Amino acid sequence: ILGPGDLLHLPSGWWHHIEMLPSDPNGEVVSINFWYPAPKWFYGNLEEMSLDWDRPLSGFKRVLFQRCVEDLMAQLAGAQNVEAIVRSELEGAEAPKGVPAEATQALRDFVRGVFPDDKNYRQLLHEIISGRFLKLKPQLA
């Protein structure tokens, strides 16, 4: 809980959810967002498809790559399907019902392009879904 004069900084790539607590009628809340160019997990020019990256891809750049994978899946199949697509690929199952086949193929092509080794590929997929979606789902009382 933040109080008067407090500041909350959310680093790039962090998922977050903010709620305002009830306050008295004269209470004021100010929220200011600053957006900076997103840091990249790669070097080079995406438009020219001349990319390179740190090998092994680790630390913050690895997290940025994971967010990029999630964003790609959300664009191709909807944000509500990201976990199901990644989980089905990790488990070797068919794509979830209603998910375009090109979304699963795009996941494979994109991630395998950076993580061609099967063990590393599966590890990255596991990291994407491991604990990421648990608190984003409505919990039954």
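This note describes the predicted model shown above, point by point.

1. Basis of the model. The structure is a predicted model, in which local features need pLDDT of at least 70 and side-chain atom pairs count only at pLDDT 80 or more, while totals for chains, interfaces and linings use all residues. Residues are numbered from 1 along each chain as its sequence is written, and side-chain values use heavy atoms, with hydrogens and water left out.

2. Overall architecture. The protein contains four helices and two strands, arranged along the sequence in the pattern β-β-α-α-α-α. Helices (H or I, at least four residues) and strands (E, at least two) are DSSP runs, numbered from the N terminus. Of the 141 residues, 27% count as buried; buried means under 20% relative accessible area, exposed means over 50%, and partly exposed lies in between (1.4 Å probe, protein chains only). The accessible surface comes to about 10,800 Å², and 57% of it belongs to carbon and sulfur atoms. Accessible areas come from the Shrake-Rupley method with a 1.4 Å probe; for residues, only the protein chains shown count as cover. Among contacts between residues at least 6 apart in sequence, 54% join residues at least 24 apart, a contact being heavy atoms within 4.5 Å.

3. The buried residues are Val82, Glu83, Ile85, Val86, Ser88, Glu89 and Leu90, and their cover includes helix 1, helix 3 and helix 4. Just after helix 2, Gly92 takes a positive phi of about 70°.

4. Packing of helix 2 on helix 3. Two packed helices are described by the angle between their axes and the distance between the axes. Here the axes of helix 2 (residues 82-91) and helix 3 come within 10 Å and cross at roughly 65°. Axes are lines fitted to C-alpha atoms, for helices over the stretch in contact, and angles run from 0 to 180 degrees between N-to-C directions. Helix 2 passes helix 3 in a right-handed crossing. In this contact, Ile85, Val86 and Glu89 of helix 2 meet Ala103, Thr104, Leu107 and Arg108 of helix 3. A crossing is left-handed if the near helix is turned anticlockwise from the far one by less than a right angle, and right-handed if clockwise.

5. Packing of helix 3 on helix 4. Helix 3 (residues 101-114) packs against helix 4 (residues 118-129) at an angle of about 115°, with the axes 10 Å apart. The crossing of helix 3 and helix 4 is right-handed. On the helix 3 side the residues are Leu107, Arg108, Val111 and Arg112, which meet Asp118, Tyr121, Leu124 and Leu125 of helix 4. The side chains of Arg112 and Asp118 also form a salt bridge (2.9 Å, N to O). Arg112 is partly exposed at 30% relative accessibility, and Asp118 is partly exposed at 39%.

6. Salt bridges. The whole structure holds seven salt bridges, each defined as a side-chain nitrogen of Lys or Arg within 4 Å of a carboxyl oxygen of Asp or Glu. In one of them, the closest N and O atoms of Arg62 and Glu127 are 2.8 Å apart. Arg62 lies in helix 1 (residues 59-77) and Glu127 in helix 4, so the pair ties together parts that are 65 residues apart in sequence. Arg62 is buried, with a relative accessible area of 16%, whereas Glu127 is partly exposed at 24%.

7. Arg55 and Asp52 meet through their side chains in a salt bridge of 2.6 Å, N to O. Arg55 is exposed at 56% relative accessible area, and Asp52 is partly exposed at 38%. The peptide bond from Arg55 to Pro56 is cis, with omega near 0°. Pro56 is placed in the loop between strand 2 (50-52) and helix 1.

8. The loop between the strands. Met49 is found between strand 1 and strand 2. Its phi is near 55°, a positive value in a residue other than glycine. Met49 counts as exposed, at 63% relative accessibility.

9. Val30 is in the segment before strand 1 (43-45) and is exposed, with a relative accessible area of 69%.
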